[in-house]
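Please look through the sequence and the model before reading on. The paragraphs below go from the sheet to the helices, and then to single residues.

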Amino acid sequence: MPCPVQSNGHRALRIGRRSEADRPYLVTASTWKRRRLFTDFDNARAACCAFTSPRAAGDSRLLAWVLMPDHAHWLLQLGTESLGRVVARMKSAVSRNLHSQWGDAGPVWSNAFHDRAIRRDEDLHAAARYVVANPLRAGLCRSLGDYPFWDAVWLAGNEGEIQERACWRDWRPSGLP
């Protein structure tokens with residue numbers, strides 16, 4: 001009889017995790033039991049408002065992000081805090097926003113998250129393309145203009161100045177008022 005496979009679970013994701021200031025990280029956070037919480041427009045909008053608020057990332061910088069029905073990808077340039085602390089605060093902000101909307105309906109996020117440190121500039125741009133193209137690969141839209149829940153700092157105007165683009169803040173699905 002074969003021996004059952006032992007899994008370290010979420011603990012295995014933390015092995016070797018280091019937080020380096022100014023280092024970009026690609027982070028994936030999944031919803032609790034991969035529930036598709038963010039197929040609901042109001043839930044997705046509340047989540048975006050929460051994790052894009054300046055308080056959520058602290059002194060880290062959110063370079064690119066996409067919110068999918070059951071997970072989020074965040075490309076973060078870490079500030080002085082640990083990666084775990086920043087991600088916990090972003091996930092907590094989303095949970096608070098959603099719970100204030102529909103009461104405490106249980107956990108929003110899985111306890112763990114996956115991360116990958118980005119080592120070179122060309123890897124950073126490839127990671128950003130990977131993040132924002134997620135809805136296309138998942139078949140959620142035919143063009144990124146059809147999917148409102150993403151953004152990237154490279155959509156900037158003047159040096160370092162991020163220009164607001166029409167996105168989840170004022171987008172409504174067709175057929176809704």
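Two strands are taken to pair if DSSP finds at least two bridges between them. In general, strands of a sheet pair through backbone hydrogen bonds, either parallel or antiparallel. The model shown here is predicted. With that definition, what is the order of the strands in the open sheet? The sheet has 5 strands in the order E4-E1-E3-E2-E5, and the pairing is antiparallel. Strand E4 (114-117) and strand E5 (150-152) stand at the edges. Each of these has a single partner strand, so one side of E4 and one side of E5 are left without a neighbour in the sheet. On average, neighbouring strands of the sheet are turned by 20° against each other, with direction ignored.

At one end of that order, strand E2 (residues 61-67) and E5 run antiparallel and are joined by 3 bridges. Across this pair, Ala 64 stands opposite Ala 152 in E5. Helix H5 (residues 121-132) packs on the sheet and touches E1, E2, E3, E4 and E5. The direction of H5 makes about 30° with that of E2.

Along the sequence, the elements follow the pattern α-β-α-α-β-β-α-β-α-α-β. The chain has 177 residues, and buried residues make up 42% of them. Among contacts with a separation of 6 or more, 68% are between residues 24 or more positions apart. The accessible surface of the chain comes to about 10,300 Å², and carbon and sulfur atoms account for 50% of this area.

Helix H2 can now be taken in more detail. How many of the residues of H2 are buried? The count is 8 of 11, and H2 is mostly covered. The buried residues include Phe 41, Cys 48 and Phe 51, along with several alanines, among them Ala 44 and Ala 47. The buried residues of H2 pack against helix H3 (54-57), E2, E3 and H4.

Ala 46 is one of the buried residues of H2. Ala 46 counts as buried because its relative accessibility is 9%, and the cut-off for buried is under 20%. Leaving aside neighbours within four places in sequence, Ala 46 is in contact with Asn 97, Leu 98 and Gln 101. Ala 46 and Asn 97 are 51 residues apart along the chain, but their C-alpha atoms are separated by 6.1 Å.

The C-alpha atoms of Leu 76 and Val 87 are separated by 9.4 Å, and the two residues are 11 residues apart along the chain.

Helix H4 (residues 83-102) contains Lys 91. What is the nearest side chain of opposite charge to Lys 91? That side chain is Asp 115, 11 Å away. A salt bridge needs a side-chain nitrogen of Lys or Arg within 4 Å of a carboxyl oxygen of Asp or Glu. Lys 91 is buried yet has no salt bridge. Not counting residues up to four places away in sequence, Lys 91 touches Ala 29, Trp 74, Trp 109, Ser 110, Asn 111 and Ala 112.

Most residues other than glycine have a negative phi. Asp 22, in the loop between helix H1 (11-14) and strand E1 (24-30), has a positive phi near 70°. Is Asp 22 buried or exposed? Its relative accessibility is 57%, so Asp 22 counts as exposed. Lys 33 is found in the loop between E1 and helix H2 (41-51), and its phi is also positive, near 55°. With a relative accessible area of 67%, Lys 33 is exposed, because the cut-off for exposed is over 50%.

How values were computed: Residues are numbered from 1 along each chain as its sequence is written. This is a predicted model: local features need pLDDT of at least 70, side-chain atom pairs count only at pLDDT 80 or more; totals for chains, interfaces and linings use all residues. Side-chain values use heavy atoms; hydrogens and water are left out. Helices (H or I, at least four residues) and strands (E, at least two) are DSSP runs, numbered from the N terminus. Buried means under 20% relative accessible area, exposed over 50%, partly exposed in between (1.4 Å probe, protein chains only). Contact means heavy atoms within 4.5 Å. Accessible areas come from the Shrake-Rupley method with a 1.4 Å probe; for residues, only the protein chains shown count as cover. Lys and Arg count as positive and Asp and Glu as negative; His and the chain ends are not counted. Axes are lines fitted to C-alpha atoms, for helices over the stretch in contact, and angles run from 0 to 180 degrees between N-to-C directions.
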